[in-house]
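Open the model in your viewer and keep the selection panel at hand. The stops below go from one selection to the next.

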Amino acid sequence: MADLPRPRRVGGVGLGLMGASLARALKQADPAVRVAAAETRGDVRDRAVADGVADEVHEGPGAWLAPCEVVVLCTPVAAIEALLAPAAAAMADGAVLTDVGGAKERVVERAAADVRRGVAFVGAHPMFGGRGGYEGARADRWRGGTVAVCRDGAPEAAVARVAALHEALGARTVRCSAAEHDAAVAMVSHLPYLVASALALAARDAGPLARALAGPGLNDMTRLASFAFDIQGEVARRNAHIPEAAGELRRRLAGLLDAVADSPDAARRALEEARAAREVLF
């Protein structure tokens, strides 16, 4: 990817945590790149220009996108779907439109219908994020992270261009189809969010003593439940692979419960296997 020329002008729609981090990372990697952005919140627009995060900031997609070689939609996934058509309509032929949404099949399907001919859409998903909005943006957020880049329906040159953009910011890229992506993140991202949410509800209703005794372990286990619905809930409900992932989780939990009830040796074997599995993952 190193031999691909970097874009000289990049557009970004949305200056929350991911959009502002992307803009900061682009500027850090190449101060000469011109970053144009859109943001609905007036106070953030003013701050982004004053902070040097973007060279120009607008209220929404418009003619300012025409000179951008690559445009990244950095909003919650429901807004990404709504932005595909107006963003593409304002872009020049040969430009590449991409996104950072957490569920890809539906976005790619919408892009096939809504993104005009002459503009290539490449779905992408940085597997890192967090909370904090504009204030939490960091230029190093991409460094050491992993970005899934979907190859569905896009020219290879456009896929390579999006991958190269993320790699230039310090990320590792993994190419896959949108269906492969959604099946994988159903297990490692979206189901954990739903499990954390269910556990938070169950713990809340377990009585005053349980709430009084809740400690760091429960805090760690339910962290994902603290994400706003627009950020994570809208993503999870768009993933058609969650029921299959949930079925596998039920099977594994049933096996652990059986082992714990069976004998100390069976419990040890099952839980040591689980501990080793975590070591493999991380």
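Contact here means heavy atoms within 4.5 Å. Helices (H or I, at least four residues) and strands (E, at least two) are DSSP runs, numbered from the N terminus. This is a predicted model, in which local features need pLDDT of at least 70 and side-chain atom pairs count only at pLDDT 80 or more, while totals for chains, interfaces and linings use all residues. Residues are numbered from 1 along each chain as its sequence is written, and side-chain values use heavy atoms, with hydrogens and water left out.

**Helix 4**

Select residues 105–114, which form helix 4. Val 107, Val 108 and Ala 111 are buried there (under 20% relative accessible area; exposed is over 50%, partly exposed in between; 1.4 Å probe, protein chains only). They are on the same side of helix 4 because they cover an arc of only 95° around the axis, taken from the directions from the helix axis to the C-beta atoms. Turn to the other side of helix 4 to find Glu 109, Ala 112 and Ala 113 exposed.

Six of them form an open, parallel sheet in the order 3-2-1-4-5-6; two strands pair if DSSP finds at least two bridges between them. Strand 3 (56–58) and strand 6 are the edges, each pairing on one side only. Between strand 4 and strand 5, look for four bridges. Leu 73 has Asp 99 in strand 5 as its bridge partner.

**The cores**

Which residues touch the most other members of the largest nonpolar core? Select Leu 26, Val 122 and Trp 142, out of 38 residues in that core. Such a core is a set of buried Ala, Val, Leu, Ile, Met, Phe, Trp, Tyr and Cys residues joined through side-chain atoms within 4.5 Å. Helix 1 supplies the largest share, six residues. A second, separate core has 30 residues, including Trp 64, Leu 65, Leu 73 and Val 108.

Centre on Val 122 and show its contacts beyond four places in sequence: among them are Val 96, Asp 99, Val 149, Ala 158 and Val 162.

**Thr 173**

Finish in strand 9 (residues 172–176), at Thr 173. Is Thr 173 buried or exposed? Thr 173 counts as buried because its relative accessibility is 17%. Its side chain makes a polar contact with the side chain of Glu 167 at 2.5 Å (a pair of N or O atoms within 3.5 Å; within protein, one must be able to donate a hydrogen and the other to accept it, and residues adjacent in sequence count only if both atoms are side-chain atoms).
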